[in-house]
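Reader: I would like to ask about the cavities in a protein model. Could you show me the sequence and structure?

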Amino acid sequence: MIETLGYIFAYFVFPGILFASAVGLLFMGIDRKITGHMQHRIGPPIWQEFLDVGKLFCKEDVTPAAANSFVFNFVPLLSFGALIAVVLFLPINSAQPVLTSVADLIVIIYLLNIPAVCMMLAGYASGCPFGTTGSSRYVVQLFGYELAFIIAALAVVAKAGWSLSLSSIVTYQAQNGWMAFQVALIPAAIAILIAAQGKLLRVPFDIPEAESEIVHGPLTEYSGPKLAILRIAYDIELFVATAVIVVLFFGGPVPHTIGGVYIPGVVGFLIKCFGIVVLSTLIRNIAARLRIDQALKFFWTFPTLLAAISLFLVMVV
Amino acid sequence: MTFIIPIGPQHPALEEPTHFRIEVKGEEIVGVDLRLGYVHRGIEKALTERPYAHGFYLSQRVCGICNATHSLAFTRAVESVAGVECPDRARYIRVIDAELERIHSHLLWAGIAAHEIGFTTLFMLLWRDREHALDMRELLFGNRIYATGTYLGGARVDIEQKHIPQLTRALAELEKSTKHYIDVCTSDRTIIARCTGVGVLTKKDARELCAVGPTARASGVDFDIRRDDPYAAYDEILFDVVTERDGDVLAKVVVRLREILESIEIIRQAIDAMPKGPIRAKFPENVPENEAVGRVEAPRGELMYYVRSNGTNKPERVRIRTPSYANWPSVRPMLVGGTIAEIPIVVASIDPCFSCTDRVTIVDAKTGKSRIETKEELRRLRK
């Protein structure tokens, strides 16, 4: 009974829907504020994302007749659910996540791809040329960044003694220092940061939803509550993608005691995630959007090569 | 299999409504069709129903960005029709007016181009610095956008001595930031990746399709009305006609940014060389029967006004040939063979101004086909 209640709490409150959404929306708000300042604007207040999503929930749900299908309507919830599941697999407060399986990392990599696949399906199902073009671009981009992402993650797995369990990776880092500071893994850390930029569809890799070319890509036909859920899902993805990087490379959650006050691991964890979000915001404000062929070429050369070098160094040296 | 991607009439990449039918095969563009006519306003007809003094104001309203050059072209045509000679000081005021407009227009365009390739930060910063040029227009001519220094027979307002230091300061700021942006655009790797080799217009195509202005100059066509058919005080000012050889989007960016530097130099020379004296000659109410063409170099290229008078205070016919209209045919060779991702930046690279270009298109509502009305059919309609 207590265990069941614990799972329900974990799913709905911490670190599930409530916590993850709040953190994701807040990160996005800060991202928009920093962007504003970098662009010599005042920018919106940091809670703007909450207001935007709230407004979308209150709006009428308009679905074009051509798009009205099970896939189109179901995709927002599927994508949202997959991301919440990832959150439950991540060691956010302590080395021990809420859910564990034999091979956490593989499950997470699968689950992290579900939102991307959802977006593609949504684009193809939306019956709109912008959505179709966005989806086909997304497919190409997925093959680009995913290769670098997986090889970089694999390098960490190899370093931690071929353990696919996130808690053992966190424990390994608690004893041996952050993975990002191991000489052999520095290239992989750079590679995964670039791959995350592609995963999160941020400039220079916002190609699938390039607004000046194809309006909003797969999301073009969405409006109202469905768009709100997709927005929350995207913001949670921002948090989750950075969280996976923090767990793999930056030590994960580490509790501290400063001046006799116990600070739980989640605080340090969020600060590290925030650092990566800020880095990603900086990159997205100092570059132009690449073309899809250029992006694919870039992903398969520079980050993939860096990740492969790391894997090679870890396995051989 | 090819399918049609509609760009417009409403599309985030377009500042004004127009409709492109882009035929694509996967990501590759194989055909382009353009349908104009969404913002046709009938200004040519309206100009013939107003006295010259009122038509002068209407001519400014043809374009929201290059209103000073439109009024200048109209004035140039009307002055030669009426045989009025403009005083010396006014000619320099016209130069300063036109060049300030060129600076703000080119910075506006560069910002839009940056937005099209997803570089929002550069877009915002370019528009921040464009404010210097707009502030100077407000200071000298009374309004940020819809204001001009030109008037029939001279200048509308005089440039006061106390405003010169402010103008010089703003020019120094603009020069500094423009040099920085040239540096950014030629060294940033993502900009280079998106702009080099994209939307190439060869020199041959540019000549054959009669491209004008920076679009032609970026392809190496050395042509500038300011030098080749000088008006206002341009024959007394030293400046270079900026050309690039590559003809791609990057060349068009660099040509425009370097033209800003030339414009700044032109304004500085005009301030120093400006003689004292009256700013306006008397313009007659009724203009004798005559016809004339007035050409000026607008920020987008050669702008042409044809005016025919009939002895009354209203022109009998006014014809406006805007630079965007001359540049439309060159969009097709620039787009075909490229990818969808290139459409916005390539279309933007000619700096199109839709509302000043628009002509009536007759579209059959049932079939969606557009057709051309012959002169005889139009005559029949009139009866």
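Reader: Which residues line the second largest cavity?

Author: This is a predicted model, where local features need pLDDT of at least 70, side-chain atom pairs count only at pLDDT 80 or more, and totals for chains, interfaces and linings use all residues. Residues are numbered from 1 along each chain as its sequence is written, chains are lettered from A in the order in which they are written, and side-chain values use heavy atoms, without hydrogens and water. On a 1 Å grid over the protein atoms alone, a cavity is a set of points where a 1.4 Å probe fits but cannot get out; lining residues have an atom within 4 Å of a point. The lining consists of A:Leu193, A:Ala196, A:Gln197, A:Leu200, A:Thr242, A:Ile276, A:Leu279, A:Ser280 and A:Ile283.

Reader: Which helix gives the most to the lining of the second largest cavity?

Author: Helices are DSSP runs (H or I, at least four residues), numbered from the N terminus. In chain A, α8 (186–199) and α11 (265–285) each supply at least two lining residues. The most, 4 residues, comes from α11(A).

Reader: What volume does the largest cavity have?

Author: A volume is the space filled by probe spheres set on the points, which are joined across faces, edges and corners. There are 3 cavities of 30 Å³ or more. For the largest, the volume is about 110 Å³.

Reader: Which residues are the closest to the centre of the largest cavity?

Author: In chain B, α4 (88–116), α5 (120–141), α7 (189–195) and α11 (249–273) each supply at least two residues of this lining. Of the 13 lining residues, the closest to the centre are B:Ala110, B:Ala113, B:Ala114, B:Cys185 and B:Val253.

Methods. On a 1 Å grid over the protein atoms alone, a cavity is a set of points where a 1.4 Å probe fits but cannot get out, and a pocket is an open set with protein on both sides within 12 Å along at least five of seven lines; lining residues have an atom within 4 Å of a point.
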